[in-house]
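Student: I would like to learn how to read a few features of a protein model. Can we go through them one at a time?

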Amino acid sequence: MSVPPLDGAALASALARPAIVGMTPQRYPDPSGLRLDLNTNLFGPNPAVAQVAAALAEGRLDLTQYPQSDAAGLRSAYAKHLHVGPEQLCFGNGSDEMIDLLFKAYVDPTEVVAWAVPTFSMYRFYATVAGARVVEASFGPSFSLPEEELLAARPKVLVLCSPNNPTGSAVATSQVYRLATLLRDRPTAEGGPGLLVLDEAYGEFGGAHHASSIAAHPNLVVLRTLSKAMGLAGARIGMAIADGAVMDRIAAVKPPFNLNEVSIALAHAALDHLPWVEQVAMTVVQERQWLAQQLQSRGYVVHPSSANFLLVRPPGEVDEVVRRLAAAGLVVRHFPHQPALAGHVRLTVPPREVGQRLLAVIDTMGGSDGR
Ligand SMILES: Cc1ncc(COP(=O)(O)O)c(C=O)c1O
């Protein structure tokens with residue numbers, strides 16, 4: 001029996017894995033202006049960039065050869081910095097890739113993965129690609145974690161994002177440990193233990209770091225990135241920290257050479273400039289407080305934030321706020337397709353002069369208090 005000829009679209013649908021049939025190409029708009037919508041570092045380049053640029057210009061980086069396939073040198077350097085063993089570390093092309101690798105290593109199609117929403121959209125993206133069953137439970141009042149609902153799903157992997165994007169809320173350390181213990185001891189739907197993934201992408205701005213707790217909680221995987229406080233989003237460097245044996249499975253599915261030589265050099269150099277990172281993080285915390293107060297005095301609802309961004313609800317029409325800011329060259333994030341975030345805007349905490357520009361635009365608009 002012959003197959004009828006199909007056009008490209010029908011052919012692609014017939015061939016695609018069922019899990020991804022409904023997915024569309026990952027093409028995002030790239031608006032021009034100052035990007036306050038990506039939670040990146042707006043306080044200038046990490047000095048590591050100039051250091052590596054000089055090394056490149058002077059021919060000290062050999063790009064004719066492949067990088068180390070497992071970034072062994074970089075793992076040793078960060079292991080010292082984080083007080084863990086090098087076997088507990090794995091680097092990825094952004095922490096995005098580590099989420100992908102985690103699901104590849106630990107989640108079979110139809111197994112349950114769970115998290116509280118609203119949160120970072122890439123968990124759902126990679127889980128969908130993996131064919132996992134996604135359970136999303138809404139945060140409670142003041143963005144409290146819906147712990148019972150999440151545990152009731154008996155997930156193979158439970159993801160906590162702390163501080164959470166986009167709410168800015170953080171999970172208490174005691175809750176992290178309690179959840180890790182419960183996931184280890186309570187059988188999942190498949191009858192085995194579960195993993196707790198803790199995404200600390202914004203950990204430098206508030207909230208605690210938990211990598212040192214992995215010895216006590218071997219089912220805990222911590223994700224970190226150089227894209228936020230470290231100011232290297234363009235270099236795409238992230239990492240996972242886990243028990244050595246747990247990490248071995250992740251490293252087993254990692255593509256070799258996933259980190260390029262320039263990114264490896266940047267990540268190394270970044271360790272020479274940690275005081276710069278600390279200074280930036282401190283400034284962000286101060287500016288976050290200032291901007292929050294300024295917006296509150298203009299009638300904005302400002303959610304408490306432990307991150308480098310604020311989630312706010314303007315008193316007026318949110319679309320108008322976004323449009324007016326964009327016209328002034330300031331791009332902020334809004335969430336027209338997420339009912340839970342209706343009327344909200346998320347904006348990265350910028351340096352004071354940009355904050356003043358932002359407020360000047362807001363002051364040209366009417367607010368609930370007449371401003
Ligand atoms: C919570 C969270 N995790 C991870 C990432 C991804 O970071 P990376 O640039 O390391 O892939 C982001 C980026 O916005 C994020 O908000």
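Student: Which helix gives the most to the shell around the ligand?

Tutor: Some ground rules come before that. This is a predicted model, where local features need pLDDT of at least 70, side-chain atom pairs count only at pLDDT 80 or more, and totals for chains, interfaces and linings use all residues. Residues are numbered from 1 along each chain as its sequence is written. Helices (H or I, at least four residues) and strands (E, at least two) are DSSP runs, numbered from the N terminus. Here, helix α4 (residues 94-106) gives the most to the shell, with three residues.

Student: How many residues surround the ligand, and which are the closest?

Tutor: A residue is near a molecule if its C-beta atom, placed from the backbone, lies within 6 Å of it. The ligand is surrounded by 13 residues, the closest being Gly94, Asp96, Thr225, Ser227 and Gly238.

Student: Where is Ala71, and is it buried or exposed?

Tutor: A residue is buried if 20 or more other C-beta atoms, placed from the backbone, lie within 10 Å of its own, exposed if 12 or fewer, and partly exposed in between. Ala71 sits in the loop between α2 (47-57) and α3 (72-82). Ala71 is buried because 26 other C-beta atoms lie within 10 Å. Its phi is positive, about 45°, although Ala71 is not a glycine.

Student: Why does Thr110 count as exposed?

Tutor: Thr110 counts as exposed because it has 11 C-beta neighbours inside 10 Å. Thr110 lies in the loop between α4 and β3, and its phi is near 75°, a positive value in a residue other than glycine.
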